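Please look over the sequence and the model shown here before reading on. The briefing is meant for someone meeting this structure for the first time.

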Amino acid sequence: MPPIVEPVANKDRFPMAGNGTPHHPQVGAPDPERDTSPIMGGGLEEQAVEPNVGDGKVCYFNNVPFPIGEFVLSGSEVLRCEAPGVWVREGELPSWPGPTR
């Protein structure tokens, strides 16, 4: 069995842009002034992709590293970190209308 890998980013190091979920931190929108790994579409692209930051062993979102296999939320969009250090769109969470009265 492979060793359990703790996420690189956590609440103490990463200011959440919202609550996220217990398993997927909310990272907000990409900041063009900070390093963010490329975000690919949901299908399997046939092109070779090189990470634009780092060494390809992690994905970056606004300068914060996340390990390969980690999921994050950017707004309602679910992203998964995949080798060689790129984000892959996995879908969107349904919008929540808020509390009912």
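This is a predicted model: local features need pLDDT of at least 70, side-chain atom pairs count only at pLDDT 80 or more; totals for chains, interfaces and linings use all residues.

Residues are numbered from 1 along each chain as its sequence is written, and side-chain values use heavy atoms, with hydrogens and water left out.

**E77 and its surroundings**

- E77 belongs to strand β5, which covers residues 77–82; strands here are DSSP runs of E with at least two residues, numbered from the N terminus.
- Apart from its neighbours within four places in sequence, E77 is in contact with V72, R89, G91 and E92, where contact means heavy atoms within 4.5 Å.
- Although E77 and A29 are 48 residues apart along the chain, their C-alpha atoms are separated by 10.0 Å.

- Strand β4, made of residues 71–74, pairs with β5 in the antiparallel sense over 4 bridges, pairing being assigned if DSSP finds at least two bridges between two strands.
- Within this pairing, V72 of the contact list for E77 stands opposite L79 in β5.
- The hairpin has 2 residues between the strands, and G75 takes a positive phi near 70° in it.

**Salt bridges**

- The structure holds 4 salt bridges, a salt bridge being a side-chain nitrogen of Lys or Arg within 4 Å of a carboxyl oxygen of Asp or Glu.
- One of them joins the side chains of D31 and R34, at 3.8 Å from N to O; D31 is partly exposed at 29% relative accessibility, and R34 is likewise partly exposed at 44%, the term partly exposed covering what lies between buried (under 20% relative accessible area) and exposed (over 50%), with a 1.4 Å probe and protein chains only.
- R89 forms another with E77, the closest N and O atoms being 2.7 Å apart.
- Because R89 lies in strand β6 (residues 86–92) and E77 in strand β5, this pair ties together parts that are 12 residues apart in sequence.
- R89 is partly exposed, with a relative accessible area of 33%.
- The side chains of R80 and E90 also meet in a salt bridge, at 2.6 Å from N to O.
- R80 lies in strand β5 and E90 in strand β6, so the pair ties together parts that are 10 residues apart in sequence.
- Salt bridges that share partners join R80, E82 and E90 into one network.
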